Amino acid sequence: MTLATSCSTSTTEPAATPAGPVDAPATTAELVLARRGDDKVGILFEDESWTWDAYVREAIRRSHLLRDRIDPARPPHVGILMGNRPEYLFVWGAAALAGLTLVSLNLTRRGQELADDVLATDCQLVLVGDDEYEALSALDRDRVPVVQVDSADYRDEVAAQDDTTPPEVPAAYDPATILMMQFTSGSTGRPKAALCSTGRFAIAASFGLGGMTRDDVAYNAMPLFHSNALLACWASPLYLGSGFALARRFSASGFLDDLLKFRASYFNYVGRVLSYLLAQPERPEEKQTNLKAVWGTEATTRDRKEFARRFGVEPFESYGSSEGGLNFVRTPDTPEDALGLPPTTVSYQAAVLDPFTLEEKPRARFGPNHTILNPEEAIGELVALGNAGTFEGYYRDPAATAERTREGHVWSGDLGYRDEAGFFYFAGRGGDRFRVDGENFTAAPIERIVGRYERTLLAAVYPVPDEVSGDQVMLALQLDGDAPFDPADFARFLQDQPDLGTKWVPRYVRIVSALPVTATNKINKPALRREHWDTSDEVWERSDRQFAYTRLDDERRRELYTRYAESGREPLLKR
């Protein structure tokens with residue numbers, strides 16, 4: 001797109017360049033306008049750049065355009081379906097200045113499901129790039145207009161707008177105004193539209209990122225339609241007036257070159273990103289970056305240590321959700337596999353509760369290799385006590401909102417446990433619960449054990465229905481290297497693990513070339529569960545009570561289906 005340039009087109013004298021952070025911003029509109037007159041380069045994208053003042057002017061132009069297209073009698077919601085590009089940030093800033101709600105649509109969804117997301121969030125129009133236009137083919141364009149931002153008409157209309165004074169909209173300066181809706185990742189079920197107010201975003205922006213200063217550059221390759229990119233990377237540069245380098249998409253092979261090109265001092269990640277980076281050949285330039293802070297969630301201990309060895313920076317892990325309400329951060333004395341503790345800046349307390357009795361679970365006891373000895377009694381749901389007021393809810397989904405805020409608490413939906421010192425541990429997503437032969441347990445401890453296998457690149461453990469009752473453990477394994485899977489070697493490895501529970505041994509092992517992931521690089525376990533063992537991938541089945549695996553063939557699959565049908569459990573296979 002050629003519309004945006006790195007200099008202002010206005011002859012109005014800009015204000016003095018701000019010295020740095022915004023003074024106690026109450027809304028996101030204040031954050032954006034505080035960058036007006038700032039001639040420091042703020043946004044870097046491929047071979048282009050924009051000063052912060054140029055960014056504000058582009059946002060102001062689009063704020064007028066959007067207000068002109070919105071019916072004030074209807075919810076002021078604007079959808080956006082667009083890959084990572086500066087236009088996304090210009091529109092985002094415009095929504096903040098115009099008191100509108102930007103609905104960030106998920107690029108991985110298509111057809112009627114995507115159209116339903118648009119309708120369910122009451123979008124009055126959808127802004128879309130050329131690359132994403134066809135994904136909206138199922139949407140009734142007469143009911144919800146689609147605006148193509150790469151068209152000449154759009155560019156001309158934007159260029160004709162005033163770029164000096166934003167519209168006078170009181171809602172833009174009300175902290176309670178909903179700034180954006182972002183869909184949950186779908187790693188545990190159908191995505192829900194989580195609400196984020198303009199006040200909540202302003203508060204998050206002021207938290208800071210790993211000691212970042214105005215002279216630093218944050219690098220983001222995570223999708224802008226997810227909260228991690230905006231809250232964990234874009235917010236602080238906007239607040240501080242530092243640099244923000246944006247990648248069009250995540251590329252493991254191009255990541256290091258981008259860090260060097262933009263002289264990035266910080267980047268954020270989610271899910272398996274570190275694993276993908278570390279699968280790249282080691283290069284001497286890894287020690288030559290400007291990195292001083294790396295922040296993310298869900299990386300394995302092994303990957304964090306290996307990244308620190310190769311890049312010289314220890315990734316900082318924390319736990320949080322798109323919806324807010326519960327966070328954990330690691331402290332210097334946090335045990336290796338633990339999430340940590342709630343930040344010292346929050347007022348709430350966290351606990352591990354039984355979702356049925358609402359009672360706090362007993363603390364975990366550990367044996368050799370830090371093996372949890374009492375998982376059934378210690379594992380419960382991670383909860384922020386008395387913090388329901390900070391959770392802003394899901395749009396038009398009161399049942400899901402109520403489920404998250406029962407008894408005045410914020411229920412994360414994730415499983416965890418706590419040690420005697422008070423540190424919290426992750427035990428899996430809500431859908432990661434197993435019941436095998438009457439024993440209850442979760443996926444995360446098994447995944448940690450499988451991660452020790454020398455050929456493991458990525459591993460996902462999830463429940464599949466047993467033919468008769470309860471569940472069976474299934475493992476999807478992505479191998480490191482091109483050598484074929486050796487079932488005997490893997491069985492010997494499992495047999496040698498002293499902390500592998502007798503019911504934890506995978507019944508099925510699926511060998512995958514790549515694990516399915518959500519848009520934020522979290523493993524898509526619902527997709528794996530639906531495919532279970534009936535897949536074209538190589539699947540191995542363990543003999544009952546033996547550490548021996550045999551290849552699952554078509555005859556065995558037919559036999560299994562017969563057994564499920566006889567017990568009336570065949571429908572469970574597609575859940």
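Two strands pair if DSSP finds at least two bridges between them. Strands (E, at least two residues) and helices (H or I, at least four) are DSSP runs, numbered from the N terminus. This is a predicted model: local features need pLDDT of at least 70, side-chain atom pairs count only at pLDDT 80 or more, and totals for chains, interfaces and linings use all residues. Residues are numbered from 1 along each chain as its sequence is written, and side-chain values use heavy atoms, with hydrogens and water left out.

**View 1. Strands E3 and E4 pair in the parallel sense.**
Val78 stands opposite Leu102 in E4. E4 spans residues 101-104. Thr101 and Val103 point one way from this strand, Leu102 and Ser104 the other way.

**View 2. Helix H2 packs against helix H5.**
H2 takes in residues 52-69 and H5 residues 152-159. The angle is about 110°, and the axes are 8 Å apart. Axes are lines fitted to C-alpha atoms, for helices over the stretch in contact; angles run from 0 to 180 degrees between N-to-C directions. The two helices H2 and H5 are therefore roughly perpendicular, a label for 65 to 115 degrees (under 35 is roughly parallel, over 145 roughly antiparallel, the rest oblique). From H2 come Arg61, Arg62, Leu65 and Arg69; from H5 come Tyr154, Glu157, Val158 and Ala159. By class, the contact of H2 with H5 has four nonpolar, four charged and no polar residues. Here Ala, Val, Leu, Ile, Met, Phe, Trp, Tyr, Cys and Pro count as nonpolar, Asp, Glu, Lys and Arg as charged, and the others, Gly among them, as polar.

**View 3. Four strands form an open sheet with antiparallel pairing.**
The order is E15-E16-E17-E18. Strands E15 (349-353) and E18 (424-429) stand at the edges, each with a single partner strand, so one side of each has no neighbour in the sheet. Neighbouring strands are turned by 50° against each other on average, direction ignored. E15 and E16 (residues 380-385) are joined by five bridges. Ala350 has Ala384 in E16 as its bridge partner.

**View 4. Five strands form an open sheet with mixed pairing.**
The order runs E21-E22-E23-E24-E25. The edge strands are E21 (456-465) and E25 (549-551); each has a single partner strand, so one side of each is left without a neighbour in the sheet. The twist averages 25° from one strand to the next. E23 (residues 508-512) and E24 (residues 538-542) pair in the antiparallel sense over four bridges. Arg510 has Val539 in E24 as its bridge partner. Helix H14 (residues 487-495) lies across E22 (471-479), E23, E24 and E25, at about 150° to E25.

**View 5. Gln497 lies in the loop between H14 and E23.**
Gln497 counts as buried, at 14% relative accessibility. Beyond its neighbours within four places in sequence, Gln497 is in contact with Ile449 and Arg452. Contact means heavy atoms within 4.5 Å. Val450 is 47 residues from Gln497 in sequence and 9.4 Å away in space, C-alpha to C-alpha.

**View 6. Residues 1-17 have pLDDT under 50.**
pLDDT is the predictor's confidence in each residue, from 0 to 100. The protein averages 88, and 92% of the residues score at least 70. For residues 1-17 the model has 44 contacts beyond four places in sequence. Where pLDDT is low, predicted coordinates should not be read in detail.

Notes. Buried means under 20% relative accessible area, exposed over 50%, partly exposed in between (1.4 Å probe, protein chains only).
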